[in-house]
Amino acid sequence: MKQIQEIIRNMTLEEKVKLCSGATFWETESMEQHQIPSVFMSDGPHGLRTQKGEADHLGINNSEKSTCFPTASASAASWNPRLLKEMGEAIAEEALYYGVDIVLGPGVNIKRNPLCGRNFEYFSEDPYLAGVMGTSWIKGVQSKGVGTSLKHFAANNQEQDRMMGNSMVDERAFREIYLPAFEMAVKEAQPDTVMCSYNQINGTFASDNQRLLTDILRKEWEFEGMVVTDWGAMNDRVSALKAGCDLEMPNSCGFFDGEVKQAVEEGRLLETEIDACVERILKEAFKAQETKARAGTASHFDIEAHHALAKRIACESAVLL
């Protein structure tokens, strides 16, 4: 902590603002002048989609070889959280091999629309089942020192127009249906990061939503990690920093940097509010660095064992009602 505070004191405002946005499609900024390492992230909950060459979010360019595990829509039907923990452990082993610091998952949104294109990526219509399975997956991944990103926070239940949609949710439904899986995972597993969603919630975009990111996530649930945007989900970076959204992904080529600096100069944004975001990013960066140092360079992972595990999970997930 003392080291981090010293680094923050030595950083310029421009450097702090730059650190709060990605360097590349999957990687955060590194700053050699402050000995700040980068953090490398990768999709996804059912197996790594790591791209070491030219990166994209559509899977067009080649990815590294990894195990394809059954999707959440299948594995939830096993009703077996132990299997999800084993899946998480195996994915973490592959992440260590490929130098991935954070695996972007699990997705614990509630299935509400049968046309939602990512229903396969979510566990259930039931918040308790989604919470238990997601929590177990997080514990499995993080038991190896690899970080996770609980997503998509929150009320992201359809894909059509999800970058501009507005989820109108009353308080009881929010608390009883849409938030419990996130709450359980945060309180019982403390994921390294939480990923805020694209959509608005009752008129305020998730990235700008102070009630969601600070009042509920951090104050009520005592989340200690970093909040990262879904890829391209940043709406208003000044509002986002005030709300407690730490990291914009991917990089926006400095598009918002001038606005943030101007807001500080005009007193609409406090530099200490940026410092809080920088501190959480630095904690994650140094944690990832320690994991790599402790794990060393993994020479291999057991492909056959992981394939056998994937088959076992698939068999247990085939349920006849």
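This is a predicted model: local features need pLDDT of at least 70, side-chain atom pairs count only at pLDDT 80 or more; totals for chains, interfaces and linings use all residues.
**Entry 1: helix α11**

I looked up the extent of helix α11, which runs over residues 271-295 and has 25 residues. From its first C-alpha to its last I noted a reach of 36 Å, close to the 36 Å expected at 1.5 Å a residue. I then looked at what follows α11 and found Gly296, with a positive phi near 70°.

**Entry 2: cysteines**

I searched the whole structure for disulfides and found zero. I recorded Cys277 as buried, with a relative accessible area of 0%.

I repeated the check for Cys253. Its closest cysteine sulfur is also in Cys20, but at 16 Å, which is too far for a bond. Cys253 is exposed, with a relative accessible area of 74%.

**Entry 3: helices α4 and α12**

I turned to helix α4 (residues 81-98) and helix α12 (residues 303-317), whose axes come within 11 Å. How do α4 and α12 run relative to each other, roughly parallel or roughly antiparallel? The axes cross at roughly 155°; angles over 145 degrees count as roughly antiparallel, and α4 and α12 are therefore roughly antiparallel to each other. I noted the crossing of α4 and α12 as left-handed. On the α4 side, the contact is made by Arg82, Leu83, Glu86, Met87, Ala90, Glu93 and Glu94. From α12, the contributing residues are His306, Leu309, Arg312, Ile313 and Glu316.

Conventions: Residues are numbered from 1 along each chain as its sequence is written. Side-chain values use heavy atoms; hydrogens and water are left out. Helices (H or I, at least four residues) and strands (E, at least two) are DSSP runs, numbered from the N terminus. The expected span of a helix is 1.5 Å times one less than its number of residues. A disulfide is a pair of cysteine sulfur atoms within 2.5 Å. Buried means under 20% relative accessible area, exposed over 50%, partly exposed in between (1.4 Å probe, protein chains only). Axes are lines fitted to C-alpha atoms, for helices over the stretch in contact, and angles run from 0 to 180 degrees between N-to-C directions. Angles under 35 degrees count as roughly parallel, over 145 as roughly antiparallel, 65 to 115 as roughly perpendicular and the rest as oblique. A crossing is left-handed if the near helix is turned anticlockwise from the far one by less than a right angle, and right-handed if clockwise. Contact means heavy atoms within 4.5 Å.
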